[in-house]
Every structure is written in C-alpha cells, then in structure tokens.
Amino acid sequence: MCIGCRAGGHGDRHGDDAMSRKSIGLRTWLIQRLSAVYMLLFVVIFAIYFVANIPTSFLEWRAMMANTFVAITTTLFFLSLLTHAWIGMRDVLMDYLHADSLRLVLLTGVGFALLGAAIWIMKILLTVSV
Amino acid sequence: MEDKKRPVFLDLTRIDMPVMAVLSFAHRVTGVLLFLSIPFVIYLLGLSLSSPQGYETVTSLFDSGLFRLGVLIILWCFSHHFFAGIRYFMLDLDIGVNVITGRRSAWCVLGAGLAVMVIGMVMML
C-alpha cells in the first residue's frame with residue numbers, strides 16, 4: 001500500500017492529486033518524518049562520537065566542531081530541527097487557536113524566529129573553522 | 001459545517017486517559033518546550049565556541065543547581081520526544097498497532113525517557 005494512502009494523505013484519489021491541498025498535507029507529514037529520521041541518526045552517531053572523544057578544553061572542543069564534516073552535518077541537524085519545529089508549532093497553533101488574526105500573528109512570529117535561528121546557527125557553525 | 005450545538009465534553013480531570021493519551025499529550029508539551037529551548041541552546045553553543053572565556057562561562061554554568069535543573073528538564077523533553085517519535089514512526093509502519101502492544105510500548109517510552117534523564121542526572125553529579 002502506498003504510504004500516502006495509509007497516512008490518509010490523499011484519500012481515495014491515489015496518484016492524481018499532485019497539487020491538491022491534501023497532498024500538501026502529505027508532504028508536510030513526510031517532511032516531519034524525514035527530518036525526524038535525520039535528527040535521530042545524527043543524535044545517536046554524534047553522541048557516540050562525542051563520548052568517544054570528550055573534549056577537555058576550548059581548543060579541543062573548537063577543533064571538534066571545526067571539522068568540515070561535523071560542522072556541515074551539525075548544520076543539517078539544526079536545519080532539520082528548525083523545519084521540524086515549524087511543522088510542529090504550526091500544527092499546535094492551528095489546533096488550539098481559532099481566531100484567525102491571533103493565529104496569523106503567532107505563526108508569523110514563530111516563522112520569523114525560526115528563520116532567524118537558522119541564520120544564527122549557520123553563522124556560528126560555518127564560521128567556526130575560519 | 002460544524003454543528004455549533006453539539007455537546008462538548010472536555011473536562012480533562014474527568015476524562016479517563018489511557019497511557020497512550022498521556023504520551024500523545026506529553027509529545028506535544030515536550031515539543032513546545034524544546035521549541036522554546038532553541039534560542040538558549042544556540043546561544044550557549046555559540047558562546048562555547050566563541051572564545052576560551054566563553055567556553056569557561058558555559059562550563060562554569062554547570063556549577064549552578066538551577067542551570068542543571070534546566071538542562072535535566074530539556075534532556076527529559078528531548079529523550080521523551082525522541083522515544084515517543086520512534087513509537088509513532090513504528091505505528092506509521094503498521095508495527096504494534098493494537099491496544100496491548102500500544103499500551104506496553106507507551107509505558108516503555110515513558111520509562112526510556114525518564115531513564116535517559118536519570119543517566120544525565122548521574123553524569124552531572
């Protein structure tokens with residue numbers, strides 16, 4: 001069975017609703033899970049790596065994070081996290097807030113805050129080796 | 001459209017909540033708390049990488065009991081959300097979709113989340 005059908009993402013119109021609202025919901029559902037899988041793998045692997053090489057000084061800690069592979073995979077972790085947080089907060093706000101204006105204000109605020117966080121973390125992690 | 005006159009019963013203290021419902025609610029609450037922790041995490045990560053002084057500031061924060069408590073709360077939120085997420089993922093894949101397994105896996109998730117927090121607590125002692 002198609003995973004989208006099983007999730008109820010596109011009802012009984014399997015295959016012919018590429019741009020419908022329901023398939024947008026399905027795409028969101030899929031992004032939420034793909035970002036979760038990336039974060040899950042990253043956290044487990046990074047935790048093992050960290051415990052095996054516990055930094056004991058600033059220079060060791062900085063050297064660990066300045067490694068290109070670590071810096072890029074950590075940046076991807078945060079981008080997954082912020083995307084995941086956007087979808088989650090959006091779901092929560094849409095479930096509990098029914099006043100359109102308040103919902104719009106809060107969703108916009110959350111969105112800008114997460115975009116700002118994305119730029120902030122990229123500035124930190126992508127300049128740490130410079 | 002929705003019938004505005006239909007009865008709504010949402011007295012949370014009188015609704016019987018199975019452990020799966022508690023888990024579902026906790027998944028939301030921990031998710032929102034994790035969202036709120038993001039700026040603190042990024043700030044501390046940036047500070048620890050900025051200079052030797054910044055690194056010292058961050059490591060010395062662990063001397064404070066209040067800071068440790070905050071770290072433990074976030075650690076519990078993270079581990080709970082992590083294990084509950086794995087459980088939801090398995091339910092999406094049709095694994096464990098029946099009341100008995102579902103109830104058992106929900107208890108396992110609650111236990112695993114708390115276990116990670118206890119490990120963190122021991123490591124900070």
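Two residues are taken to be in contact if their C-beta atoms, placed from the backbone, lie within 7 Å. In this predicted model, the contact between the chains draws 17 residues from chain A and 17 residues from chain B. On the side of chain A that touches chain B, two or more residues come from each of α2, α3 (58–66), α4 (68–96) and α5 (100–127) of chain A. Sorted by class, that side of chain A is made of 14 nonpolar, 1 polar and 2 charged residues.

## The interior

In soluble globular proteins, nonpolar side chains tend to be buried together. The largest nonpolar core here has 18 residues, and the members that touch the most others are A:Leu82, A:Ala85, A:Ile121 and A:Ile124. At least two residues of this core are supplied by each of α4 and α5 of chain A, and likewise by each of α1 (19–50) and α3 of chain B. The most is given by α4(A), which contributes 6 residues. Apart from this core lies another one of 6 residues, including B:Phe82, B:Phe83, B:Ala106 and B:Val109.

Which residues does A:Ile121 touch, when those up to four places away in sequence are not counted? They are A:Thr75 and A:Phe78, together with B:Ile42 from the other chain.

## Chain A

Chain A contains 5 helices and 0 strands, and along the sequence its elements follow the pattern α-α-α-α-α. Of its 130 residues, 14% count as buried. Among the contacts in chain A with a separation of 6 or more, 57% are accounted for by residues 24 or more positions apart.

The length of α5(A) can be checked against expectation: at 1.5 Å a residue, its 28 residues should span 40 Å, and because its end C-alpha atoms are 40 Å apart, the two values agree.

## Chain B

The secondary structure of chain B consists of 4 helices and 0 strands, with its elements running α-α-α-α from the N terminus on. Buried residues make up 19% of the 125 residues in this chain. Of the contacts in chain B between residues at least 6 apart in sequence, 74% join residues at least 24 apart.

The C-alpha trace of chain B spans about 60 × 35 × 30 Å along its principal axes.

Helix α3 of chain B, residues 65–92, also has 28 residues, which at 1.5 Å a residue should span 40 Å; its end C-alpha atoms are 40 Å apart, so expectation and model agree. The buried residues of α3(B) are B:Trp76, B:Cys77, B:Ser79, B:His80, B:His81, B:Phe82, B:Phe83, B:Ala84, B:Gly85 and B:Arg87. Two of these, B:Phe82 and B:Phe83, are among the members of the core of 6 residues.

| Residue | C-beta neighbours inside 10 Å | Class |
|---|---|---|
| A:Ala47 | 10 neighbours | exposed |
| A:Thr56 | 8 neighbours | exposed |
| B:Asp94 | 9 neighbours | exposed |

A:Ala47 has its place in helix α2 (residues 21–52) of chain A. Its C-alpha atom is separated by 21 Å from that of A:Ala85, which is 38 residues apart from A:Ala47 along the chain. A:Thr56 is found in the loop between α2 and α3 of chain A, and it is 10 residues from A:Phe46 in sequence and 17 Å from it in space, C-alpha to C-alpha.

B:Asp94 lies in the loop between α3 and α4 (99–124) of chain B. Most residues other than glycine have a negative phi. B:Asp94 is not a glycine, although its phi is positive, at about 65 degrees.

Notes: Residues are numbered from 1 along each chain as its sequence is written. Chains are lettered from A and ligands numbered from 1 in the order in which they are written. This is a predicted model: local features need pLDDT of at least 70, side-chain atom pairs count only at pLDDT 80 or more; totals for chains, interfaces and linings use all residues. The expected span of a helix is 1.5 Å times one less than its number of residues. A residue is buried if 20 or more other C-beta atoms lie within 10 Å of its own, exposed if 12 or fewer, and partly exposed in between; C-beta atoms are placed from the backbone. Ala, Val, Leu, Ile, Met, Phe, Trp, Tyr, Cys and Pro count as nonpolar, Asp, Glu, Lys and Arg as charged, and the others, Gly among them, as polar. A nonpolar core is a set of buried Ala, Val, Leu, Ile, Met, Phe, Trp, Tyr and Cys residues joined through C-beta atoms within 7 Å.
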